[in-house]
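Hello,

Here is the structure I promised to pass on to you. Please open it first, and then read on for what turned up in it.

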Amino acid sequence: AMIQAGPFVRYVWGIHRDGELCHNPRIHQAPPWDPDRAVEQAWFRVERQTTHGFPRLNRALFTIRYWVVPLVEVAADPWQRERLATALAGMDEAELAYKGLVGVRDRLVGWLQRT
């Protein structure tokens with residue numbers, strides 16, 4: 001489908017411990033979460049991922065455009081703050097582990113709901 005169909009566009013979001021663009025553990029080691037400073041430490045990242053197929057070449061091109069901003073900037077908008085709090089609160093343990101938010105989710109949700 002990547003080659004024959006499309007183009008495809010999807011958005012992916014996450015909360016990270018720093019504002020670095022690369023989170024490949026072989027290249028960059030993010031600092032550990034400090035639960036007492038989770039809000040100040042948190043960065044919100046959104047990726048716009050696209051896939052463009054080239055059937056005659058039997059190839060596809062995958063691109064990523066990213067936005068990275070401190071979480072406190074995202075939380076300044078009540079609409080975004082509410083949706084982010086709801087999304088975080090609804091994550092199960094496997095999702096939290098995948099997103100690297102084990103141990104800080106509840107603190108972030110509580111702060112988003114009080115702000």
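One definition before the tour: a residue is called buried under 20% relative accessible area, exposed over 50%, and partly exposed in between. Asn-58 has a relative accessible area of 48%, so it counts as partly exposed. Please keep in mind throughout that this is a predicted model.

Although Asn-58 is not a glycine, its phi is positive, at about 55°.

Now for the whole chain. Five helices and three strands make up its secondary structure, and their order along the sequence is β-α-β-β-α-α-α-α. The C-alpha trace spans about 55 × 35 × 25 Å along its principal axes. The radius of gyration is 17 Å, whereas a compact globule of 115 residues would have one near 13 Å. Of the 115 residues, 29% are buried. The chain exposes about 7,800 Å², and carbon and sulfur atoms supply 55% of that area. If you look at contacts between residues at least 6 apart in sequence, 60% of them join residues at least 24 apart.

Which residues does Thr-51 touch, leaving aside its neighbours within four places in sequence? They are Met-2, Pro-7, Phe-8, Ala-60, Leu-61 and Phe-62.

One of those partners, Pro-7, has a feature of its own. The peptide bond leading from Gly-6 to Pro-7 is cis, with omega near 10°. Pro-7 itself lies in the segment before β1.

Next, the charges. Side chains of opposite charge can pair when their charged atoms come close. How many salt bridges does the structure hold? There are four, and three of them are worth a look here.

- Arg-107 pairs with Asp-36, with 3.8 Å between the closest N and O atoms. This pair links distant parts of the chain, 71 residues apart: Arg-107 is in helix α5 (residues 105–114), and Asp-36 is in the loop between β1 (8–16) and α1 (38–41). Arg-107 is partly exposed because its relative accessibility is 41%, while Asp-36, at 60%, is exposed.
- Arg-37 and Glu-40 meet through their side chains, at 4.0 Å from N to O. Arg-37 has a relative accessible area of 42% and is therefore partly exposed. Glu-40 has 53%, so this residue counts as exposed.
- Arg-45 and Glu-47 form a salt bridge with an N to O distance of 3.0 Å. Are these two residues buried or exposed? Both Arg-45 and Glu-47 are buried.

After that, the Arg-107 and Asp-36 pair shows you a link between distant parts of the chain.

Enjoy looking around, and write back with any questions.

Best wishes

Note on methods
Residues are numbered from 1 along each chain as its sequence is written. This is a predicted model: local features need pLDDT of at least 70, side-chain atom pairs count only at pLDDT 80 or more; totals for chains, interfaces and linings use all residues. Side-chain values use heavy atoms; hydrogens and water are left out. Helices (H or I, at least four residues) and strands (E, at least two) are DSSP runs, numbered from the N terminus. The radius of gyration is taken over C-alpha atoms; the globule rule is 2.2 Å times the number of residues to the power 0.38. Buried means under 20% relative accessible area, exposed over 50%, partly exposed in between (1.4 Å probe, protein chains only). Contact means heavy atoms within 4.5 Å. Accessible areas come from the Shrake-Rupley method with a 1.4 Å probe; for residues, only the protein chains shown count as cover.
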